[in-house]
Amino acid sequence: MTNFLIRRLFQMFIVIVLASMVSYGLLYIAPGGPLLGLQQQQQGGANRITEADIARIKARFELDLYMPVRFTRWFIGFPKEPITIGDQVFFADLQVGCATTQTVRLRYPDGRVEFAEICATPVTLADLEGRRSSNGILFGDFGLSQVILRDRPISTLIWSRLPYTIALMGISTLITLMIAIPLGVYSAVRQYSPFDTAATTVSFIGTSLPTFFFGLMLILVFAVLAKNAGLPYLPPGGATANRDYIIPFFGLFELTVQAGSFLDRVLHFILPCLVLTFVSVAAWSRFIRSSMLEVLRQDYVRTARAKGVKERLVILKHAFRNALIPFITLVAGILPALVAGAAITESVFNWPGLGRLLVDALNRSDYTVALALLYVTLVLQLVGYLISDILYTVADPRIRLS
Amino acid sequence: MATTLPSASLPLEETNIQAESQWATVLRRFMRHRMAMISAVVLVMIFTASFLAPFITPFGRDTIDLNNRFVLPFTPNSETGQMHWLGTDHLGRDYFTRLLYAGRISLTVALVSTLFATIIGLVLGVLAGYFGGWVDMLITRTLEFVATFPLFIILLILVTVLLENENLIPIPGFILSFVMWITAVTREREAQVIVLVTVVIALLFWTGTARLMRGMVLSVREQPYIESSRALGGSHTRVMTRHIFPNAFPPIIVDFTLGLNGILVLESSLSFLGFGIQDPIPTWGNMLAFAQSYMFQHPWMTVVAGLPILFTSLAINYMGDGLRDALDPRMKL
């Protein structure tokens, strides 16, 4: 087991390094950087930006550094300054980037003329001293947000959104488990009964329904139409209301909901939670049903019945436990789903979670935030795989990790 | 043994019924699945209508008519008297027309990217499963690496990045003109966007097919008929294309239909969130996004804009279900 863990952690590390390289490279080609906007402004006239301004801005966003150096500074926060051992300073003159370039004309002896870009003012390792830099995303420093929360740490942004996502995903997953497992097991035990047929049809529709359409229909019915008709309604989106609102109850009494109160939060929570729950119940109950059907056909279930074990016990103890084994993969998938799993639902309901943060970040070209979220998901996914592998050995003693 | 097989004792003329080909059996079984047949008809209707859009509707795709904004369904135009079957949007563009053109674009993107993803998956899966060894190792590792990435996030990022500098990847002119012809878009930039979204989706979503195909090939490869074909001197290419591929193929059909639905919904979600194909070009997703912003004043808009994707998605899934049952020999119909 220890051996397995060490090997897996090492593999995880390699994958994280490779994947970070790929995702960093992906955003490296991304447009919409700070210089683009300024150059567009420059054409306006009055406030022309000078060469010096460009160099300063480039230095601020590290655009003057070479790609590998930028990557390592983002990834592990290295190099920050020349290496000092004792009084000796090493590599102070090592060139790590280029602040301004110059085009020169090269004339070859045979008469050919070529233009080449050369570095006019190189950036050396000594120049990096005093520049601010992150401690490396590998060590949990995500750097600064550039647009959404200008110059504030991305971790602040993530921590402020995390509770909303965890509440939404956590509670909906709990409700899903409580509904999907009994539903799937019962459908499998009573295969082809009217109940099974109805459940299968509903979950079939649930899995093929686009999430955003389902969300919109719920808003339409429970928020818009209900409100217009004077029925009790639910708020259409957001996590809290801006001002107090009144919900009528069929003319019997009226409920004044204070903005920001617990009741307000609960009311806002219902619709997005309903969407997520319905969609996952549909998928998971089908999964459990088929896995349960598979197990019920096994010899050991027949043996248990032949021994005279009560049917209830056969289903719950012999069949159900074994049917849960493939289910572990699904449960481990919850972890990476934290970030983007609910991105669509969160966007439809304007829910301030991590998924909407990602959508916002990309819409507003805040690529450092998007990159941080991508990285978090990657790590969570790998951790999820590891956990599911370990859970398999717990659930199924036949599987040995070596 | 004293007993003989029942078939051996039958009179000759009764056993001499012409054998049904495999595909005829599948078709016969598929026709028994009522929902799947209805879905197939619905899909054919949606496809035909989308691709005959210019002949069906008198309105232009992007014709703005500010005097007829938010016209309710089944209301004639106040000036020309032409019927707006499904009403008009916030710029007075005819919903029915735009939904038809949107279907043309959404369906093309979904079909083509699923097709490419399936082809990539098929080829890599067959290669990995058939040759094994380092080929398998290489392909499987690549597959696992691609699958490590959270695909939806990567898709969002890639589409944003590529669409903002669409000249980063040169697309051959004939592909652009083909896309312009098939999706009925008029500007080259629109075609470029459509091609990029299609390619990105195709490059990210082949892993499932490859894994499935590899598994199928691994089991088919051990069959005696493969060995005999090799023994008879069949080349690798011949064995792969004539023997392994046809026998490992059926599950891919089901995989294709389900993948098609997944990608259709994915592309709609993408444009619903404001990424991918943008407004003047209609897609089912971005039309729904606009409908959402006018939801409180004009609730009917969301229903109108959302129904095509709902029907198509359900129909494709039912067809996949029917195909699965029809292709599974163990299933009694």
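Which residues is A:Ile83 in contact with, leaving aside its neighbours within four places in sequence? The contacts are A:Phe90 and A:Phe91, where contact requires C-beta atoms, placed from the backbone, within 7 Å. The model is predicted: local features need pLDDT of at least 70, side-chain atom pairs count only at pLDDT 80 or more, and totals for chains, interfaces and linings use all residues. Residues are numbered from 1 along each chain as its sequence is written, while chains are lettered from A and ligands numbered from 1 in the order in which they are written.

A:Ile83 lies in strand E1 (residues 83–85) of chain A. Strands (E, at least two residues) and helices (H or I, at least four) are DSSP runs, numbered from the N terminus. A:Ile83 counts as partly exposed because it has 13 C-beta neighbours inside 10 Å. The cut-offs are 20 or more other C-beta atoms within 10 Å for buried, 12 or fewer for exposed, and partly exposed in between, with C-beta atoms placed from the backbone. A:Ser133 is 50 residues from A:Ile83 in sequence and 16 Å away in space, C-alpha to C-alpha.

Chain A meets chain B through 35 residues, which contact 32 residues of chain B. H7(A) supplies the largest share of the chain A side, seven residues. That side holds 29 nonpolar residues, six polar and no charged. Here Ala, Val, Leu, Ile, Met, Phe, Trp, Tyr, Cys and Pro count as nonpolar, Asp, Glu, Lys and Arg as charged, and the others, Gly among them, as polar.

The largest nonpolar core has 156 residues. Such a core is a set of buried Ala, Val, Leu, Ile, Met, Phe, Trp, Tyr and Cys residues joined through C-beta atoms within 7 Å. H6(B) gives the most to this core, 16 residues. Residues with the most contacts inside the core include A:Leu358 and B:Ile194. Not counting residues up to four places away in sequence, A:Leu358 touches A:Val339, A:Ala340, A:Ala343, A:Ala370, A:Leu373 and B:Ile153. A second, separate core of five residues includes A:Leu65, A:Val96, A:Val123 and A:Leu128.

B:Ile194 is also one of the buried residues of H10(B). This helix is mostly covered, with 12 of its 17 residues buried. The cover includes helices H6 (95–131), H8 (151–164), H9 (173–183) and H14 (250–272) of chain B. H10(B) runs over residues 188–204; at 1.5 Å a residue it should span 24 Å, and its end C-alpha atoms are 25 Å apart, which agrees. The expected span is 1.5 Å times one less than the number of residues.

How values were computed: Two residues are in contact if their C-beta atoms, placed from the backbone, lie within 7 Å.
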